[in-house]
Amino acid sequence: MNDLHPQIATAEESAELKAMWNEIFQEEPDFLETYFTRRYRPQDVVVIIQDGAIASSLHALPCTVEGQPCRYIVGAATWPRWRRHGMMGALLSFARAHYGVPMALYPEETARDLYGKCGFHSQSIWVYDLPGEEGAIPPSPKVTAETLDAWYHATGPALERDALAWEFFLDEFHQNGVAVDGAYALIRSQSAVEVGYRDREALERLVTALRRRGIRTMVLRQHLPLPYPVRSMLGGMYDDKKLENVFVGEQY
């Protein structure tokens, strides 16, 4: 195998990158089209070429924290025949040097150790077990991206999400979300995997709504003295202490 030479992608490689993402991640067609039409830029992608084709790639999307630039990694992928050759480590090293800003990501659990070896640190998040509760389920109020953004940031320091990032989020939230006055939760597999709230009273209203809907667990960024069993788990990852106390969730 040739030496590894990470480089910034070119516009001519866009179709190949799109096909790679689709094949490896088995992506939803609507998301794939929106991402590559509206979010993707070749200058935000690092690739390694082998035998005349892309062997490995990662997308380092620009974002901000309190107005300061950072990058959020998505779409890190290597074709099976090229795995276990150190390509992802080489891509990460090149990307960190090239962009020169803090980086964050939300990993698949199978890749967490790899990122750890490349200088990324895991945040802790807190999982609460919620008992069921009888009672009427109030209808969720209408929420906008602006409303969710306000509650998202009221919960604590977090990576900024621009309008398109919230549009991606809302697409899933409208299908699998719960909201009350002052708080929201994104639901996956009977778990509230992301929660934002304006204040403690709003969080308590949300917990009641979740319990009445049969949601079994709730993930919070902070450890709060709630009357439910709680355990810690690993969440987002970062490579710079500037992001140590900044929530790193999933986003595009």
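Over which ring does the charged end of Arg221 sit? Select Arg221 and Tyr152: the charged end of Arg221 sits over the ring of Tyr152, 5.0 Å from its centre. A charge counts as sitting over a ring if NZ of Lys or CZ of Arg is within 6 Å of the ring centre and within 35 degrees of the ring normal.

The model is predicted, so local features require pLDDT of at least 70 and side-chain atom pairs count only at pLDDT 80 or more, while totals for chains, interfaces and linings use all residues. Residues are numbered from 1 along each chain as its sequence is written, and side-chain values use heavy atoms, with hydrogens and water left out.

**Charge over a tryptophan**

Select Arg161 and Trp166 next. Arg161 lies over the face of Trp166, at 4.9 Å from the ring centre.

**Aromatic pairs**

The structure holds 18 aromatic pairs; rings of Phe, Tyr and Trp (its six-membered ring) pair if their centres lie within 6.5 Å, with planes under 30 degrees apart counted as stacked, over 60 as edge-to-face and the rest as tilted. Display Phe31 and Tyr35: the pair is stacked because the ring centres are 6.0 Å apart and the planes lie at 20°. Both residues belong to helix α2 (residues 29-39), 4 residues apart, about one turn of the helix. Helices (H or I, at least four residues) and strands (E, at least two) are DSSP runs, numbered from the N terminus. Phe31 is buried at 16% relative accessibility, and Tyr35 is buried at 1%. Here buried means under 20% relative accessible area, exposed over 50%, and partly exposed in between (1.4 Å probe, protein chains only).

Move to Phe169 and Tyr184, an edge-to-face pair with 5.9 Å centre to centre and 80° between the planes. Phe169 lies in helix α6 (residues 163-176) and Tyr184 in strand β8 (residues 183-188), so the pair ties together parts that are 15 residues apart in sequence. Phe169 has a relative accessible area of 9% and is buried; Tyr184 is buried too, at 0%.

Then select Trp21, Phe25, Phe31, Tyr35, Phe36, Tyr40, Phe168 and Tyr252, which ring pairs link into a cluster.

**The cavity**

The largest share, 4 residues, comes from α1.

Select Cys63 and Cys70. A search of the whole structure finds 0 disulfides, a disulfide being a pair of cysteine sulfur atoms within 2.5 Å. For Cys63, the nearest cysteine sulfur is that of Cys70, 3.0 Å away. Cys63 is buried at 11% relative accessibility, and Cys70 is buried at 3%.

**Last stop**

Finish at Trp151 in helix α5 (residues 145-154), a buried residue with a relative accessible area of 9%. Trp151 and Ala165 are 14 residues apart in sequence and 15 Å apart in space, C-alpha to C-alpha.
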